[in-house]
Amino acid sequence: KAFRNSEQTPETTRVCAKAPTLTDTLFSVRQPRYSASLQLAGHFNQLGGNSGAVPTQMRAACAMLAARNATAALRDDSNSAEGYRNLGVAYLILDRVETHLMTEAGIRWSSSTRYLQAVAALQQAALLKPDDIVIQSDLLGVFDRMQRVDLALDCIKQIRRIRPVPVTASDDEKKQREQLVNVEFSLEEALARIEGQVEQQLQNGADRFQIAAAAHQAGAVRLAIRTLEDEPIYKEQNPLARAALGNWLIEAGRVQEGLDAIEQSSSLGGIPGLRENLATSLVINGEYYRAIDVWREQLRETSMGGVQAALLTLPFLTLNPMWMGSDQYPFTQAAAAGEFIGTVRNETAALNYQIGMAQLELGDIPVATRSLQQVLDSAAETPLKPLVKFYLEMLTGKKIEDKKVEPAAVEEVPPFDGEAPAKDEAAKPETAAEKKP
């Protein structure tokens, strides 16, 4: 059903969750809505989350259906904590399935898109239900896997606050809490080291964005955010810094601020990566149709880059920026253009894959199938091939075989039948006596 029945989702913009106000808490308590879509999302997540007994294909199908139903539930109620949690869990299942497929193929894989999708949903669930230990545990698992030191530390502190150790706790419960305290202590030490390194770099006058990026890579997300927000003028003058800040804000739970920052940075244009970052943020917010339009625009520009690279191999094009002189032609130009065209093919394949996955989440099965088929048609040896083949086989029900490229036929030159003159005789000059009258 997830990969065969086409159920196209209407074009809507998801509204980010809003934390309960004091009025909501005291006088107008929000009543949870358990719609049919929300119940289906929980059902499919429960089926897909059982990795031991369920085949990979079934897990992917359940997670895709859970994501679609959770998205439908959030269209009806944008402040549904259970809706956001089920959406985040669905993306986590898809991430595990895709990582498993790529690992089996011998490819190291880490999808930033799946990570941000899951974190954005779970953080909004935590905003609506800060005292839900299940949501905090889900977040802790994600941050621990991605080595986000300060965010994992926040989750551990919240879990300890929500559920203190009772006096009547069993030995196993006490042991688990002791392990949690030890992890908390080690994370605090790691965070202190990172803070000291950042402070030292700031005193040395290093570039603030580079310092923030290094802090984020080390696992200190909130410290990276603070490093940029402490200098608002610098942040506003650096579009790349604003775009990176947007992603970091989403990780830290400030989802709406992060989406706004990415939107503002992408409006400048002309800087590589900003458009792809915008498309990812749109998918996070459920704006699939607009994300597909952004990826298609990038696809057109990328394809034109390949055409321009091919034109640069025209003979005696001295205006060619790769022109190295007649002695180097055409080897230098052909080698440089070939390398660039190979890069363009991989980028084109990645964009078609992202478009196909967005269409698949929408439920537009025929169009998603065509987009994923274009991946293999444009770049048969793309690193994404294990994922593309998996989803295409699920969509079509057919085994996708690798295309065999037959080597070009080599024309054989017939052997030379005539006798060549001896070397000495050929070189010997004709004397006057030997000349005929």
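User: What makes up the lining of the largest cavity, and which helices supply at least two residues each?

Analyst: Helix H4 (81-104) and helix H5 (112-128) each supply at least two lining residues. H5 gives the most, with four residues. Among the lining residues are Arg 14, Tyr 84, Gln 117 and Ile 284. Helices here are DSSP runs of H or I with at least four residues, and strands are E runs of at least two, numbered from the N terminus. This is a predicted model: local features need pLDDT of at least 70, side-chain atom pairs count only at pLDDT 80 or more, and totals for chains, interfaces and linings use all residues. Residues are numbered from 1 along each chain as its sequence is written, and side-chain values use heavy atoms, leaving out hydrogens and water.

User: Why is one space called a cavity and another a pocket?

Analyst: On a 1 Å grid over the protein atoms alone, a cavity is a set of points where a 1.4 Å probe fits but cannot get out. A pocket is an open set with protein on both sides within 12 Å along at least five of seven lines. Lining residues have an atom within 4 Å of a point. By this rule the count comes to one cavity of 30 Å³ or more.

User: What are the volumes of the largest cavity and the largest pocket?

Analyst: The largest cavity has about 30 Å³. The largest pocket holds about 670 Å³. A volume is the space filled by probe spheres set on the grid points, which are joined across faces, edges and corners.

User: Which helix gives the largest share of the pocket lining?

Analyst: H16 does, with nine residues. The pocket has 29 lining residues, and Trp 109, Thr 113, Ala 350, Tyr 353 and Gln 354 lie nearest its centre. H5, helix H14 (274-284), helix H15 (288-311) and helix H16 (331-362) each supply at least two.

User: How do you know that the span of H4 agrees with its number of residues?

Analyst: The expected span is 1.5 Å times one less than the number of residues. H4 has 24 residues, so it should span 34 Å; its end C-alpha atoms are 35 Å apart, which agrees.

User: Why is H4 called mostly covered?

Analyst: Buried means under 20% relative accessible area, exposed over 50%, partly exposed in between, with a 1.4 Å probe and protein chains only. In H4, 18 of its 24 residues are buried. Across the protein, buried residues make up 45% of the 437 residues.
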